[in-house]
Amino acid sequence: MHPAPTLVGSQSLPVNVLAGPGAPAVSELAEAGAARISAGSSIAEAAYGLVHRATRELLEKGTTTALEDGFDYATLNALLLTAGRGSGATAGLLPPEPAGRGGE
């Protein structure tokens with residue numbers, strides 16, 4: 001059992017929790033009373049893992065299937081142009097799944 005929910009529940013002060021591999025779901029941390037939940041470097045570390053897998057695949061097999069779920073430039077540009085617009089803290093941060101790239 002991960003100690004974060006117990007720690008959060010036992011403190012009278014706000015507790016910030018780092019989410020990532022092995023951590024409880026964000027909903028569980030929020031329910032326990034976490035004041036702030038951050039991904040920290042976990043997202044960058046996952047991206048580095050993809051770079052490593054894609055590079056090995058390209059060098060060892062000559063294929064690029066590890067890159068199939070990436071965003072194309074048009075989707076990335078739209079994401080950057082709309083990020084933060086609208087209501088709520090995450091409005092505009094997540095574009096719709098691109099057709100033909102794992103969103104079907």
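Modeller: In this predicted model, P14 sits in the loop between α1 (4-9) and β1 (16-18).

Biologist: Is P14 buried or exposed?

Modeller: P14 counts as exposed because its relative accessibility is 67%, and the cut-off for that class is over 50%.

Biologist: How far is P14 from G33 in space?

Modeller: The C-alpha atoms of P14 and G33 lie 8.2 Å apart, although 19 residues separate the two in sequence.

Biologist: What pattern does the chain follow along the sequence?

Modeller: The order is α-β-α-β-α-α, which comprises four helices and two strands. Of contacts between residues at least 6 apart in sequence, 20% join residues at least 24 apart.

Biologist: Let us turn to the interior. What share of the chain do buried residues make up?

Modeller: Buried residues account for 15% of the 104 residues in the chain. The largest nonpolar core consists of five residues, namely A4, V15, V17, L29 and A34.

Biologist: How should I read a salt bridge, and how many does a search of the whole structure find?

Modeller: As a general idea, side chains of opposite charge can pair when their charged atoms come close. Here the search of the whole structure finds one salt bridge. R56 forms it with E60, and the closest N and O atoms are 2.7 Å apart.

Biologist: Where do R56 and E60 stand relative to one another in helix α3?

Modeller: They are four residues apart in helix α3, so about one helical turn separates R56 from E60. As to accessibility, R56 counts as partly exposed because its value is 43%, whereas E60, at 55%, counts as exposed.

Biologist: Pockets remain. What is the volume of the largest pocket, and which residues line it?

Modeller: The volume of the largest pocket is about 210 Å³. Its lining is formed by A46, A47, L50, R53, A66, L67, D69, G70, F71 and L76.

Biologist: Which element supplies the largest share of that lining?

Modeller: Helix α3 (residues 42-61) does, with four residues.

Technical notes:
Residues numbered from 1 in each chain as written. Predicted model: local features only at pLDDT ≥ 70, side-chain atom pairs only at ≥ 80, totals over all residues. Heavy atoms only, no water. Core = buried A, V, L, I, M, F, W, Y, C linked by side-chain atoms within 4.5 Å. Buried < 20%, exposed > 50% of the residue type's maximum accessible area, 1.4 Å probe, protein only. 1 Å grid on protein atoms, 1.4 Å probe; cavity = no way out; pocket = protein on both sides within 12 Å on 5 of 7 lines; lining within 4 Å. Points joined across faces, edges and corners; volume = space filled by probe spheres on them. Salt bridge = Lys/Arg side-chain N within 4 Å of Asp/Glu carboxyl O. Contact = heavy atoms within 4.5 Å.
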